[in-house]
Amino acid sequence: MLPCYVMLDLETTGGNAVHDRITEIAAVRVENGVETARWSTLVNPGVRIPPFIQSLTGISDAMVADAPPFEDVARTLLELLDGAVFVAHNVRFDHGFVQNELARMELPLKVKTLCTVRLSRKLYPQHKGHGLDAILQRHGLHTMARHRAMGDVDVVLQWLKIAADELGHDALQRSAQELLQGSAAVPPQLETAISDIPDTPGVYLFYGEGPLPLYIGKSVNIRTRVMSHFQSAAKVAREMRILTEIRRVEWIETAGELGALLLESRLVKQRQPVYNRQLRREKALCSWQLNADPAANPLVKLVQMDDIEPMQWQQLYGTYRSKRQALDALRALCDTHGLCPQLLGLESGKGACFACQTGRCKGACAGREPKPMHRVRLQLALGLQRLQAWPHKGRVAIREYQAQTGRTDIHVFDQWCHLATVSDLSELEDANQTQHDGLAFDLDTYRLLHKRLGSAGVRDAEVFFLAVTDPESMDSEGS
């Protein structure tokens with residue numbers, strides 16, 4: 001198949017290469033078609049083996065109690081792998097465990113890898129199943145040591161011999177070399193061809209067996225970003241969980257990074273992927289509003305942002321996903337700036353507040369500080385959290401152009417809200433004439449636009465700010 005490779009299999013305490021440990025290793029080295037070394041050993045994982053795993057593999061805590069730990073057998077394993085290709089059925093699993101074990105010893109693992117699951121898919125595309133049990137049934141193979149490391153190694157070696165007899169040694173070697181030149185980091189069960197994924201900006205969606213996405217992400221290069229998920233799975237527990245479930249990848253191309261960011265935010269809120277923790281929909285954003293009456297008590301009130309008109313958003317301070325988060329932020333301001341929690345409604349009562357008695361309030365509640373001065377200090381403290389006013393007279397469009405695909409996206413905004421994305425001037429004119437009642441504040445869009453539209457006339461090499469009120473002006477870049 002290959003000039004020199006090591007067929008390897010592991011048994012472990014679980015499926016997470018970051019947290020679980022190895023209990024058994026088996027490896028057979030093959031050079032120029034001839035077996036030159038065969039080695040297997042139990043490994044003391046240093047942790048208890050779960051009952052389910054003991055039942056599956058037959059390896060118990062008692063069996064590994066006197067076995068060597070991984071660090072005592074690592075050198076033997078590295079010597080076997082020296083100059084060889086690391087081959088395994090679902091190589092990501094085995095490679096990830098070995099890589100993490102060696103990393104704990106501060107030793108690198110620099111080997112090429114080949115996955116025989118992917119090789120089976122390539123050689124026998126007419127079959128649906130390519131797991132070890134499917135191969136056993138498909139080719140009439142038998143083993144008395146299923147789920148033991150050497151037993152599984154021997155099954156794969158038997159299958160390779162059958163494949164060579166059925167399809168020819170040249171076809172087997174050619175397919176193995178093609179996979180070797182590709183990426184062995186790709187999950188073996190992935191049905192989507194990596195070569196089909198574009199290297200352009202856009203959003204990608206990971207799917208498992210069900211109709212809902214596992215994860216939604218964005219990138220200026222979709223293919224590269226998808227591959228980075230696969231390559232980091234051995235070290236990042238969440239990536240490993242995603243990759244054990246993933247079955248296919250879908251994508252939506254955009255003209256640039258801004259379009260990808262907007263689309264990612266919208267899709268995550270709509271579809272709520274299980275592995276996206278950020279960008280989830282805010283059920284009810286709230287914010288602090290300074291009371292217009294200087295003598296009011298409390299001086300601030302918590303308001304729901306949906307109840308405030310867009311033109312008044314600049315009168316709000318901070319954006320919070322819950323009342324508790326807003327109260328915690330206000331308490332932190334009190335502590336940092338010596339403000340009175342009683343005047344801010346955080347504490348009830350009359351006279352000196354508790355913070356004043358302990359020296360953490362400057363005494364506006366007890367007549368030691370003029371209340372107008374306290375209000376000024378409150379305004380200054382809140383200032384950094386104030387929502388910025390929309391810096392334009394009306395709607396604004398940002399145009400992105402992707403030279404590689406020739407795609408143009410024009411994003412229309414007003415009062416920090418994304419109104420529409422269109423692809424040409426006629427659609428832009430229609431979008432500009434459409435009324436958008438009840439603009440909904442979106443914190444992610446606000447933060448994104450604030451970086452790009454914080455001051456009028458800002459522009460960069462890819463994004464152009466154009467006045468929507470005159471669509472013909474778009475014939476002139478950056479007008």
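I looked up Arg 92 first: a polar atom of its side chain lies 2.5 Å from the backbone oxygen of Phe 230. This falls under the term polar contact (a pair of N or O atoms within 3.5 Å, where within protein one must be able to donate a hydrogen and the other to accept it, and residues adjacent in sequence count only if both atoms are side-chain atoms).

I noted that this is a predicted model, in which local features need pLDDT of at least 70 and side-chain atom pairs count only at pLDDT 80 or more, while totals for chains, interfaces and linings use all residues. Residues are numbered from 1 along each chain as its sequence is written, and side-chain values use heavy atoms, without hydrogens and water.

I then asked: is Arg 92 buried or exposed? Arg 92 is buried (under 20% relative accessible area, with a 1.4 Å probe and protein chains only). Arg 92 has no salt bridge (a side-chain nitrogen of Lys or Arg within 4 Å of a carboxyl oxygen of Asp or Glu). Glu 239, the nearest side chain of opposite charge, is 8.6 Å away.

I placed Arg 92 in helix α4 (helices are DSSP runs of H or I with at least four residues, strands runs of E with at least two, numbered from the N terminus). Helix α4, residues 91–104, lies across β1, β2, β4 and β5 and runs at about 80 degrees to β1.

I traced the open sheet of five strands as β3-β2-β1-β4-β5, with mixed pairing (two strands pair if DSSP finds at least two bridges between them). β3 and β5 each have a single partner strand, so one side of each is left without a neighbour in the sheet.

I found β4 and β5 parallel, joined by three bridges. Ala 88 stands opposite Cys 115 in β5.

Terms used: Contact = heavy atoms within 4.5 Å. Axes fitted to C-alpha atoms, helices over the stretch in contact; angles between N-to-C directions. Buried < 20%, exposed > 50% of the residue type's maximum accessible area, 1.4 Å probe, protein only. Lys, Arg positive; Asp, Glu negative; His and termini not counted.
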